[in-house]
Amino acid sequence: MEAEVLEANILLPTHLSFKRIQMSEKYPKGHARGRHWKHLKQILQAENYQIYSSNEPNYVNIESPPSMYPSKKFCDITGFEAPYIDPRTNLRYANTDVFKCIRSLPNEYVQRYLALRNAAVVLK
Amino acid sequence: MQRNPPLIPPSEKRRFDPLDRNPGMYFKQERDLSVHAIAPMMGVFVVGNESIADEVEFQVDVIQQTKLEAIDISSNLAFLREHFSSALRRFCFAVYSHDFIFSMLNLRAEQVDHPILITECVCNPVQSRSKLAELLFEGYGVPSVAFGVDAVFSYKYNQQIGVCDKDGLAVWSGLNTSHIIPFVNGEPVFEACCRTNIGGYHVTDYLKQLLSLKYPNHMSNITWEKVEDLKMEHCYVALDYASEVRLFQKGAKEAEEKNRCWQLPWIPPPAEEPPSEEEIARKAAIKEKQGQRLREMAAAKRSSRITELENELQGLEFLLHQLENVQENDVPSFLSETGYISKLEIESAVVRVTQSLKKAKREQVEIEEKMDPSMTEKYTLINIPDNMLSPEQLKEKRKQLFIKTTSEGRQRAKQKRFEEELDRERQNELDEKKRLENPELYLEQLHAKHRELSEKFEQRKRLKVNGTHTNESHNSSGGVGCGERLNAAQKERMRLLTTAAFDRGKGEDTLGTRDEDWQLYKLMSKDIDDDDEGQDEDEAELARVTSRLQDIDPTFVAKSEIGPFQTIVEIPRFRPLTKEDFQIILGVERFRCPEILFQPNMIGIDQAGMDEMAGISIRRLPLKGNSVEERITNSILMTGGSCLFPGMGERLEAGIRKIRPFESPIRVVRASDPVLDAWRGAAAVPFSEQTFSRQDYYEKGEDWLRRYNLRYTF
């Protein structure tokens, strides 16, 4: 270990007395860490919320619904109000300067801007 | 006996991390390996009600430093970036956190002997709870466990200290989620609770992406931790996003003031100072000396060469002299010793030597003058018609012809260059005169020229860009389609391709069988080259005009440098890097990023924002009646790490006012300590009667936890 790691006092000792099973036994070094954590969706599905009455609050129940307010459109690049959309890239822009900039963006950046808005084209 | 353990308040010196460092779990290594691994929505408290032999009650404080086994640092980082749910999923980090806490407490016993109260998210899935219980009971041997919601603890604590009332609304904004929980009679009403999956993590992520896209050159500097710091320091919530943004769009002075500038570390290139007087003098002296040395060397060489030649001349003359004395018959034998064959040769050698001697003695040699007479001699053969010469002479003649034409060509080129120089100088002089006569007019003309050149340039660039864009999207070599106007070169290429490929007739494709077919590509590429060349000329012209303008006109700024907004900053090639290139400016982003808490649509998450959630929550209340609602809105508490943004209270109030009837009382307060109040609240709750003991775990199993609900009032 590097000196600074040791100094920072952040290393756990390998054997902790209060644990029944030590980490080193559970995840021996050299073994592939086959940790498969369940996705949230899987956990929720396993919960079987349909069986129970829908009046009781559960993790899925209390989620908030989509917003009632009409969504305001803001420019993807500057954050100003954006009444226009570029037909080629589907980016929103606020004025002509931004438009010029958009047109000279490489494709990668276009996709990243769209991904910020969750509007990127995802090829599965 | 139930003793209320004394509260050890967390020390004040700690840096509060608004990213919802729920008390208890706050992993942050100092130094450079800062890993923020959190088990979100989970805090661990060891509230000891039993006394141990050596230590009485104690409580765990917020722990600032943590240990993480060095092996797992990378996976910890991965965990941080991907964790999106607030239900605990990855238990290895729970394990680590527990390990850390317990070892921090210096627990030496075989098992952890204290009951544990753990905070969780609202309506935690049973599986999370049960896994955690399993971990604690089986892994650590904890006697009993209790679960509670952190937001509620926070509210209860604040209720205790009088910040909010018995009925109210807790607005909790955490790392990954935000919850709204109404309280009636001191107990949370979970049926009316509301959750949106936006939290501090999303805000930081948004900021990071925006900055990386705007400043791609500095992407390595824009790290997660740095962006978090930026967010904590500089972000605020605008009272009305639209009007704030309009301020910036107009470019008003207030907007300028709101810009914050982050200067990246930057080392200016070593400045070349104008050499001082001594430097110049010293350098001149050195040059002088060197020149002197060179001259001396040249003189020495020349003198040695002269003496050599003189000696040779003397020897040859002596030889000649001797030759005269020798008789005719003995000449060959006499000469064979010396290496010369005939008298003529000796004489010619003498002539040569005297010539070189003369040359060496003279300082400058006019080669050209010598050349001209020799030229006319050399080219004697040219004028003689071919049929009179022998084959050897013909060869000679051709050589002479060749030499003559090349030297003439060289002379012509030199002449032309000279003339061009003169021309250019004359032009410059004219220019200068014009400028001096009428500076304004000249400037205008120059501006106009610059404008039209740059327009032409931009248009060409646009065409090119359009062409390449369509290239990308269509994957065809010609870039046809969609009404794009091809320029001449592209049209030519298309024509070549189509005619060549389909010219064979009868539908057979025999292009390529003959070697000449491949010349097609040469033609094609040549076309493109021509186009580029033309562009280069224009570019050079543009650059020249630009530099001229920059020299003359102090107010002129090249067009490429202007940007009313800071877009992708291009560093122009013809300018050395300055301090400004290494600055990252946070303007609109300061309030654009926390805005997503109120408008999740900006990120594409289709849920209600925090102000709307409050309305939804009130609507969902099972028992209606105006008075309840009024009481609730009268005490709205903001807690959780992500509510530390300045301006959030006002925004929330304005947002809720929109939904509530006219003139209903609305009071929004911030918790006394948003980050740590949950811990304090939890520490104050007497929960030893309500725990889930190990006995229960073994007998009733995990599923019983489903119906486990902590009662929060005391």
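User: How many salt bridges does a search of the whole structure find over all chains?

Analyst: The search turns up 17 salt bridges over all chains. A salt bridge here is a side-chain nitrogen of Lys or Arg within 4 Å of a carboxyl oxygen of Asp or Glu. By the way, this is a predicted model, where local features need pLDDT of at least 70, side-chain atom pairs count only at pLDDT 80 or more, and totals for chains, interfaces and linings use all residues. Residues are numbered from 1 along each chain as its sequence is written, chains are lettered from A and ligands numbered from 1 in the order in which they are written, and side-chain values use heavy atoms, with hydrogens and water left out.

User: OK, which residue does B:Glu257 form a salt bridge with?

Analyst: B:Lys253, with the closest N and O atoms 3.6 Å apart. Helices here are DSSP runs of H or I with at least four residues, strands are runs of E with at least two, and both are numbered from the N terminus.

User: Is B:Glu257 buried or exposed?

Analyst: Exposed, at 56% relative accessible area. B:Lys253 is exposed too, at 60%. The cut-offs are under 20% for buried, over 50% for exposed, and partly exposed in between (1.4 Å probe, protein chains only).

User: What about B:Glu279, where's its salt bridge partner?

Analyst: B:Glu279 pairs with B:Arg282, and their closest N and O atoms are 3.1 Å apart. Both sit in helix 9 (residues 277–325) of chain B, three residues apart, or about one helical turn. B:Glu279 is partly exposed at 29%, and B:Arg282 is partly exposed at 48%.

User: New topic: which residues form a nonpolar patch on the surface?

Analyst: A:Met68, A:Tyr69 and B:Ile659, with about 310 Å² of accessible area together. Patches take residues with over 30% relative accessible area and no salt bridge, joining like charges within 9 Å and nonpolar side chains (Val, Leu, Ile, Met, Phe, Trp, Tyr) within 5 Å. Accessible areas come from the Shrake-Rupley method with a 1.4 Å probe, and for residues only the protein chains shown count as cover.

User: Where is A:Met68 found?

Analyst: In the loop between helix 3 (40–47) and strand 1 (84–85) of chain A. A:Met68 is exposed, at 67%.
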